[in-house]
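I set out to look up the charged side-chain pairs in this structure, and then the pairing of strands in one of its sheets. My entries follow in the order in which I made them.

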Amino acid sequence: MIKHLTRRATVALVVAAAAMSPAAYPAVADTATPLNGLFALTPGSCAEGRATGSYFRMILPAGDASGPYLANGDSTCSDNTVTLLAPGTDGGLKSGEYQPQPASAFDGNGNAVSGSITQPVKFYGVGFATASNQTDPQTGQGTSTPQITVSGDKLGGDLSAFGVTWNNQVFNQGAPKPGGALPGKTTAVTGAYDRGSGAFILEWTSQIVGGPFNDFTGLWHLVGKVGGGPGGAAAAPPPAPAPGAPPPPDAPPAAAAPAAPAPGQVVVQAGQQFASPPPLSAGQQLIALPVDDNPRTVTPPWVIALLVFVAIGGGILFVVGERIFSRGR
């Protein structure tokens with residue numbers, strides 16, 4: 001009789017343990033949330049012999065994110081593998097909308113004239129610039145709307161629309177590439193975000209396909225604050241007129257109220273003031289950080305503890321009940 005009871009109790013505990021497994025009940029999802037608005041860039045600098053702020057590097061075909069890099073003879077840094085970037089007319093990169101290149105993207109000498117994300121900067125004697133286009137000029141493929149996402153203090157996103165114009169040529173420098181692939185040394189967008197100050201770091205690599213830099217890889221390191229105005233400074237709103245006073249003669253028409261954000265979407269307004277992010281050296285890389293592109297499930301520890309307690313208690317009650325029943329017989 002005792003052997004039968006022990007066997008039944010074992011079966012009951014096994015069933016209870018199966019019921020408490022993560023697959024048997026809903027878990028709490030940890031998902032990325034869209035973070036839309038302006039990612040205002042901090043200009044790159046090489047003061048005191050180290051790179052800070054926003055910059056670009058070109059990885060040689062045999063290299064990786066830690067180098068070796070291609071030197072740029074026009075770099076203003078002592079480490080001429082670093083090409084400094086400065087915010088363009090929009091103040092930086094916008095999440096949630098395109099910043100396309102103009103119809104005439106080059107001057108007569110092949111210098112790029114796009115300047116909304118970053119200011120044109122010399123690379124081997126010719127100006128290069130950045131843009132985000134709905135149709136990728138290099139491949140002709142459609143792209144996803146530029147989108148940075150946040151999960152906790154980590155950033156990710158889709159910058160397949162990001163591209164470079166240089167010397168009458170176009171190069172997609174997005175991550176992923178149009179269509180969603182991450183070929184070669186192309187890596188997903190990753191970064192860090194301080195919700196309190198708005199400071200951010202964004203990094204990704206994108207392998208070049210075609211042209212004189214075929215199989216070279218661009219490394220993008222963008223630093224700044226979310227929600228700043230052009231040039232990294234928050235825009236100051238004009239003073240409000242006195243109650244009941246008519247608007248000034250030259251006053252522009254009142255702007256329409258912004259559309260309500262979609263559920264779960266975070267929209268950062270340009271008027272929000274944030275502290276400047278700390279300086280970062282050229283050696284500080286985020287590329288090596290693991291990026292989880294899929295939503296993760298997290299099981300709260302208290303749920304596991306409760307289910308273990310219930311399973312053990314259920315097993316004990318089962319054994320006691322069996323014994324009482326057998327004695328009654």
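**Entry 1: salt bridges**

I searched the whole structure and found three salt bridges. I note at the outset that this is a predicted model. As a reminder to myself, side chains of opposite charge can pair when their charged atoms come close.

**Entry 2: Asp 79 and Arg 57**

I looked up Asp 79 and found that its salt-bridge partner is Arg 57, with 2.8 Å between the closest N and O atoms.

Asp 79 has a relative accessible area of 33% and is partly exposed.

**Entry 3: Lys 94 and Glu 97**

I found Lys 94 in a salt bridge with Glu 97, where the closest N and O atoms are 3.9 Å apart. I kept this pair because a salt bridge requires the nitrogen to be within 4 Å of the carboxyl oxygen. Lys 94 is partly exposed at 22% relative accessibility. Glu 97 is partly exposed as well, at 40%.

**Entry 4: Asp 153 and Lys 154**

I recorded a salt bridge between the side chains of Asp 153 and Lys 154, at 3.8 Å from N to O.

I turned next to strand pairing. In general, strands of a sheet pair through backbone hydrogen bonds, either parallel or antiparallel. Here I found an open sheet of four strands in the order β7-β8-β11-β12, with antiparallel pairing. Which strands form the edges? They are β7 (121-123) and β12 (169-172), each of which pairs on one side only. I noted that neighbouring strands of this sheet are turned against each other by 35° on average, direction ignored.

**Entry 5: β11 against β12**

Strand β11 (residues 162-166) pairs with β12 in the antiparallel sense, over four bridges. What stands opposite Thr 165? I found Val 170 of β12 in that position.

Methods. Residues numbered from 1 in each chain as written. Predicted model: local features only at pLDDT ≥ 70, side-chain atom pairs only at ≥ 80, totals over all residues. Heavy atoms only, no water. Buried < 20%, exposed > 50% of the residue type's maximum accessible area, 1.4 Å probe, protein only. Pairing = 2+ DSSP bridges. Helix = DSSP H or I, 4+ residues; strand = E, 2+ residues; numbered from the N terminus. Axes fitted to C-alpha atoms, helices over the stretch in contact; angles between N-to-C directions.
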